[in-house]
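Subject: Structure handover and what was found in it

Dear colleague,

I am passing on the structure below, together with a description of what was found in it. Please read the notes beside the structure itself.

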Amino acid sequence: MKNVIIIGAYKVGTALVKIIEKSQALNLMAVIDQNEDAPGIRLAQEKNIATGTNWKEYLDQPVDVVIETTGDEETFTSLREVKDRQWVIIPPSVAILVSNLIEEQENLINQISRQSRQQDLVLSSSHDGVIAIDNSRRIIILNKSAEIMTGLTGEEVLGKEIAEIIPSSELPRILDNGKTEVNKEQVLSNGRKIITTRTPMIDDGGNIIGAFAVFKDITEVVEMAEEVTSLKSVQTMLEAIIHSSQEAITVVDEEGKGLMVNPAYTRLTGLKSDDIYGKPATTDISEGESMHMKVLRTRKPVRGVRLKVGPNRRDVVVNVAPVIVDGKLKGSVGVIHDISEIQSLTAELQRARQIIRTLEAKYTFSDIIGDSREMNFAIDQAKLGASTPATVLLRGESGTGKELFAHAIHNGSSLKYNKFVRVNCAAISESLLESELFGYEEGAFSGAKKGGKRGLFEEANGGSIFLDEIGELSSDTQAKLLRVLQENEIIRVGGTKPIPIKVRVIAATNVNLEKRIIEGSFREDLYYRINRLPIFIPPLRERKEDIGKLCDHLIRKLNQDYGRNIEGITEKGIEYLCKYHWPGNVRELENILGRAIIHLSFHESWIDVTSIPSLDTGVQRSSDPQASHHDDQPLQEQVNQFEKGLIQKTLKECNGNKTKTAKRLDVSLRNLYYKIDKYNIE
């Protein structure tokens, strides 16, 4: 046993005196305080515990623990400076904490003890026999009424398997099937006939953890038959279970008037039993229809209905079931679940997702539709780009899917879990583009935010940035972008300090950058920086074999947008679409299909030629410049002009199909793209 002295005899010290005095492991030697009238001193004197005004009197005593509760730093320092001390010093903060914890523990123990005594009292005073088993089929409850009816005692049977004690018991079957059995006749081993109701005990996770039976002597059942068939008897049988439930429960009679609510219901709604008893079922509804009244009308249960209840308009989900006795409707029982907190968290999560969605790539390579050789070549090039950190330049006409490729490249790279920022260089005015891309410092210009603002390159740091329509950048912005690519750093507008960044750049354009370089509107050095991995996305007219699959994909999307259920497009419809030259590419195809669906009647489920808006199916082709050369030109120049003319002529004969052109010229598709780029062939 440890010897303890307490220094300080006010609130904490007094509480510790009460606690330690009851302890079997601690011996309270003395209570010390300069005030001899302190409450802890008086309490110690009442319990014949030594008291004093100076702790130093106990330096030679066999003290193990000193609890300092005064909070006086000088006293605590003096205690620590005692030489050769053998005691452990507990400071005031720890003493207060220990005192509070011990008091809380005692309160909890007392509360649990009271609840246990109340439960035992309920079971003992019940006129019905109650017997319960756990999931090991061992008896855990046998109340006094059950002892009288079975002729057994709790001391004899508790902890033993029920099959050994009551061989005719059907409770093990309830454990196996989990079904409630109501008013079943049974003969006990002593010859008594009883009527029993057997019920499984199920935890919050839906697991069967035991079963219990409530039973009556059949003689009493006969005498109470009328009462049992009434709603009042149902209320009596359910009341103990309902009041012990942590779920909010409400019961009404066949007229929809309140009969019973449990404490959990009061905590949830703020309405007491007096506010509900005898009142209409609509009393607690703040918003919505009373499900009690609906169940009483239909005699069918309802589940998962959202309502607002109580004066605080708590957002809840309710499940209501009818109570039917002998085929007669006697009322209904409702269980209410509070979802206010879940709803709040869900809303927060949704807001977070909306923010994240603006910084993430939506599409992957699986979202790119097309099996044509040209498209597969572009996809292979894009996958190669995704596997490297090199800058990618996506080239293709408007509507071919350059942004879709940019998303897929990011999601196919090692940066897929980082940010993806999209910038349309043509959609932002020149005066704002620089500050949007690179940010600005406080006071950089009139209207600048206090503290400055991060630019889109800083937002994308560690991830990818997609610069669409890069050919529209001004010369000044091109110069700054070149610095970002060369030095991996940016300088905010109005700032002087470089900010290091690490961003993977994916650029896109639908214009001829080589022509822009010749005209002087695009920097040649920037061109070589972004053109490390050019990817040419073929126009729709060069991959018309993909039109069928594209139509299926776009029709599914448009069905969701327009709330329609169009099954697809007919073969003749596809043939008609394949005759068109598609200057607007996939974007134009989506527009035409959308217009067709809008004009379809609701009883029509297929798009046919007659549904498609009129198209100019005469293929439009640009004039084919003739190859020419002059005898006075160098040989290489004449060869280049001849090669350019031959490629243009073959492209024209193949209707612009680059795969067929490459095959006819017996060159690789990659080499053909290179030469088209080299000779600036439109």
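The mean pLDDT of the protein, pLDDT being the predictor's confidence in each residue from 0 to 100, is 83, and 89% of the residues reach 70 or more. This is a predicted model, in which local features need pLDDT of at least 70 and side-chain atom pairs count only at pLDDT 80 or more, while totals for chains, interfaces and linings use all residues. Residues are numbered from 1 along each chain as its sequence is written, and side-chain values use heavy atoms, with hydrogens and water left out. One stretch calls for caution: over residues 619–630 pLDDT stays under 50, and there the model has 16 contacts (heavy atoms within 4.5 Å) beyond four places in sequence. Where pLDDT is low, the predicted coordinates should not be read in detail.

Overall make-up

The protein has 28 helices and 25 strands; helices (H or I, at least four residues) and strands (E, at least two) are DSSP runs, numbered from the N terminus. Of its 682 residues, 42% are buried, where buried means under 20% relative accessible area, exposed over 50% and partly exposed in between, with a 1.4 Å probe and protein chains only. Among the contacts with a separation of 6 or more, 58% are accounted for by residues 24 or more positions apart. The accessible surface comes to about 38000 Å², with 49% of it belonging to carbon and sulfur atoms; such areas come from the Shrake-Rupley method with a 1.4 Å probe, and for residues only the protein chains shown count as cover.

Five strands form an open sheet with antiparallel pairing, in the order 7-6-10-9-8, and two strands pair if DSSP finds at least two bridges between them. Its edge strands, each pairing on one side only, are strand 7 (139–142) and strand 8 (181–187). On average, neighbouring strands of this sheet are turned by 25° against each other, direction ignored; axes here are lines fitted to C-alpha atoms, for helices over the stretch in contact, and angles run from 0 to 180 degrees between N-to-C directions. Strand 6 (residues 129–134) is joined to strand 10 (residues 208–217) by six bridges, and Ala-132 has Phe-212 of strand 10 as its bridge partner. Five bridges join strand 8 to strand 9 (residues 193–202), and in the hairpin of these two strands, which has five residues between them, Gly-191 takes a positive phi near 95°. Strand 9 is in turn joined to strand 10 by nine bridges, and in the turn of their hairpin Gly-206 has a positive phi of about 85°.

A second open sheet, also antiparallel in its pairing, has six strands in the order 12-11-16-15-14-13. Strand 12 (258–261) and strand 13 (285–287) stand at its edges with a single partner strand each, so one side of each is left without a neighbour in the sheet. Neighbouring strands are turned by 40° against each other on average, direction ignored. Within this sheet, strand 11 (residues 248–253) and strand 16 (residues 328–338) pair over six bridges, with Thr-250 standing opposite Gly-334. Helix 14 (residues 291–298) packs on the sheet, where it touches strand 11, strand 14 (302–309), strand 15 (314–325) and strand 16, and its direction makes about 145° with that of strand 16.

Nonpolar cores

A nonpolar core is a set of buried Ala, Val, Leu, Ile, Met, Phe, Trp, Tyr and Cys residues joined through side-chain atoms within 4.5 Å. The largest one has 29 residues, and Phe-457, Ile-465, Leu-467, Ile-470, Leu-481 and Ile-530 have the most contacts inside it. Elements that each supply at least two residues of this core include strand 18 (420–424), helix 18 (430–438) and helix 20 (475–487), and helix 20 gives the largest share, four residues.

Two loop residues

Most residues other than glycine have a negative phi, and most peptide bonds are trans. Asn-48, in the loop between helix 2 (39–46) and strand 3 (50–52), has a positive phi near 60° and is exposed, with a relative accessible area of 73%. Asp-666, in the loop between helix 27 (658–665) and helix 28 (669–678), likewise has a positive phi near 60°, and at 70% relative accessibility Asp-666 counts as exposed.

With best regards
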